[in-house]
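Colleague: Could you walk me through this model before I get lost in it? I would like to begin with how a couple of the helices cross.

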Amino acid sequence: MSAFEETADGPIEVIQVLFALHQGFGAQELCGPLEILSKAHHKINDPTTKAFECTFAAPSQGVTSSSGLTVKADIDLSTAHEDLNEYDVLIIPGGDGVETVLKNNSEPLELIKAFAKLQISDPSKERTLMSIGTGSLLLAQTGILQGLAATTHPDYYTKMEIICKDAARRGDLEQTDVMEENYVVNNARFELGEKLEENPFVLSKRPDGRRKSIARKGSNAWKESVKRRESNARRASLRLGGLRLITSGGITSGLDASLYLVAAMVSHESAQEVARVMQYTWNKGVTVEGIDV
């Protein structure tokens with residue numbers, strides 16, 4: 001698994017993404033983010049500078065979505081656990097099969113917990129955990145959302161709150177702020193610049209105009225953070241060792257969150273180009289916790 005792509009200007013780091021699939025996953029909750037990440041490049045219109053390399057992990061060689069799409073896994077979950085440190089991003093799609101995972105307390109729950117623990121034990125690496133739709137229910141079940149903010153598919157807000165409260169009772173009683181937002185980001189990194197009004201990652205008010213907010217949209221680009229990362233001690237002081245944690249709502253919210261991920265780890269311009277190519281209007285979410293870098 002190569003982490004670098006050779007170009008005329010030298011090697012460019014390729015961000016390693018692991019999709020953890022379960023039986024009955026949502027096809028569009030996989031295909032939407034996959035399409036966006038596959039179109040992202042460090043240098044716009046230069047196909048030799050691809051930004052992400054995606055791997056599928058599943059409990060069996062073939063895993064079938066709730067709509068009947070069968071995907072061949074690249075690796076099994078045992079291998080995913082063994083190689084977890086090689087991945088920069090872990091993505092958890094939702095889907096009808098989430099209910100079975102919760103009922104059986106099965107994978108990818110252990111993989112999610114292992115990824116979070118890895119960041120806590122080794123904050124030297126910048127890692128991101130992202131859920132699409134009801135995938136956030138699995139994050140809630142593991143207890144890692146305690147003390148953070150999160151969202152899910154609108155039809156599951158109440159179930160999300162119940163799962164988070166149960167996790168709090170099992171843990172240290174810290175509650176989760178379940179937000180009715182497009183997507184929610186915790187532990188972001190920011191480069192604010194001199195003029196906040198010109199920063200595409202800063203939200204000055206809610207989209208519905210109800211109240212002002214200091215929530216910010218986005219974070220420092222991956223290529224910049226490689227050059228100028230915050231100290232290990234500073235990252236370790238954040239919850240979950242500074243793990244960037246993104247939860248999104250429904251299917252299109254997953255597209256929006258994926259564009260955010262491109263903006264955060266590659267560049268805002270790259271995210272805009274992907275949205276243009278896909279003829280898609282990027283609707284921003286909110287960032288509720290982060291640090292300036």
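Modeller: This is a predicted model, and in it the crossing of H4 and H5 is right-handed.

Colleague: Which residues of H4 and H5 make the contact?

Modeller: On the H4 side the contact is made by Leu109, Ile112 and Lys113, while H5 contributes Leu138, Leu139, Gln141 and Thr142. Sorted by class, the contact of H4 with H5 has four nonpolar, two polar and one charged residues.

Colleague: And at what angle do the axes of H4 and H5 cross?

Modeller: The axes of H4 and H5 cross at roughly 65° and come within 9 Å. Because angles of 65 to 115 degrees count as roughly perpendicular, H4 is described as roughly perpendicular to H5.

Colleague: OK, changing topic to the sheet. What is the order of its strands?

Modeller: The order is S7-S4-S3-S8-S9-S14-S12-S15, in an open sheet of eight strands with mixed pairing. Strand S7, residues 75-76, and strand S15, residues 286-287, are the edge strands, and each of them pairs on one side only.

Colleague: Which strands does helix H4 touch?

Modeller: Helix H4, residues 109-121, packs on the sheet and touches strand S3 (15-20), strand S8 (89-93) and strand S9 (128-132), and the direction of H4 makes about 150° with that of S8. Helix H5, residues 135-142, also packs on the sheet, where it touches S8, S9 and strand S14 (244-248), and the direction of H5 makes about 125° with that of S9.

Colleague: What are the bridge partners of Val185?

Modeller: In S15 the bridge partner of Val185 is Thr287, and in S14 the bridge partner of Val185 is Ile246. For Val184, the bridge partner in S15 is Val286.

Colleague: Which residues of S12 point one way and which the other?

Modeller: Tyr183 and Val185 point one way from S12, Val184 and Asn186 point the other way, and all of them are buried. In a regular strand the side chains alternate between the two faces of the sheet.

Colleague: How far apart are Ala20 and Pro108 in sequence and in space?

Modeller: Ala20 and Pro108 are 88 residues apart in sequence and 6.5 Å apart in space, counted from C-alpha to C-alpha. Pro108 sits in the loop between helix H3 (98-104) and H4, and a cis peptide bond, with omega about 20°, joins Glu107 and Pro108.

Colleague: Switching to the other helices, what do the buried residues of H10 pack against?

Modeller: The buried residues of H10 pack against helix H1 (27-39) and helix H9 (251-265). In H10, residues 268-277, the buried residues are His268, Ser270, Ala271, Glu273, Val274 and Ala275.

Colleague: At what angle do H1 and H9 pack?

Modeller: H1 and H9 pack at an angle of about 30°, with their axes 9 Å apart, and they are therefore roughly parallel to each other. H1 passes H9 in a right-handed crossing, and the residues of the contact of H1 with H9 divide into eight nonpolar, four polar and one charged.

Colleague: Last one: where is Gln279, and is it buried or exposed?

Modeller: Gln279 is found in the loop between H10 and S15, and it is exposed, with a relative accessible area of 77%. Gln279 also has a positive phi of about 50°, although it is not a glycine. Asn45, in the loop between H1 and strand S4 (52-58), likewise has a positive phi, near 70°, and at 65% relative accessibility Asn45 counts as exposed.

Methods
Residues are numbered from 1 along each chain as its sequence is written. This is a predicted model: local features need pLDDT of at least 70, side-chain atom pairs count only at pLDDT 80 or more; totals for chains, interfaces and linings use all residues. Side-chain values use heavy atoms; hydrogens and water are left out. Two strands pair if DSSP finds at least two bridges between them. Helices (H or I, at least four residues) and strands (E, at least two) are DSSP runs, numbered from the N terminus. Contact means heavy atoms within 4.5 Å. Axes are lines fitted to C-alpha atoms, for helices over the stretch in contact, and angles run from 0 to 180 degrees between N-to-C directions. Angles under 35 degrees count as roughly parallel, over 145 as roughly antiparallel, 65 to 115 as roughly perpendicular and the rest as oblique. A crossing is left-handed if the near helix is turned anticlockwise from the far one by less than a right angle, and right-handed if clockwise. Ala, Val, Leu, Ile, Met, Phe, Trp, Tyr, Cys and Pro count as nonpolar, Asp, Glu, Lys and Arg as charged, and the others, Gly among them, as polar. Buried means under 20% relative accessible area, exposed over 50%, partly exposed in between (1.4 Å probe, protein chains only).
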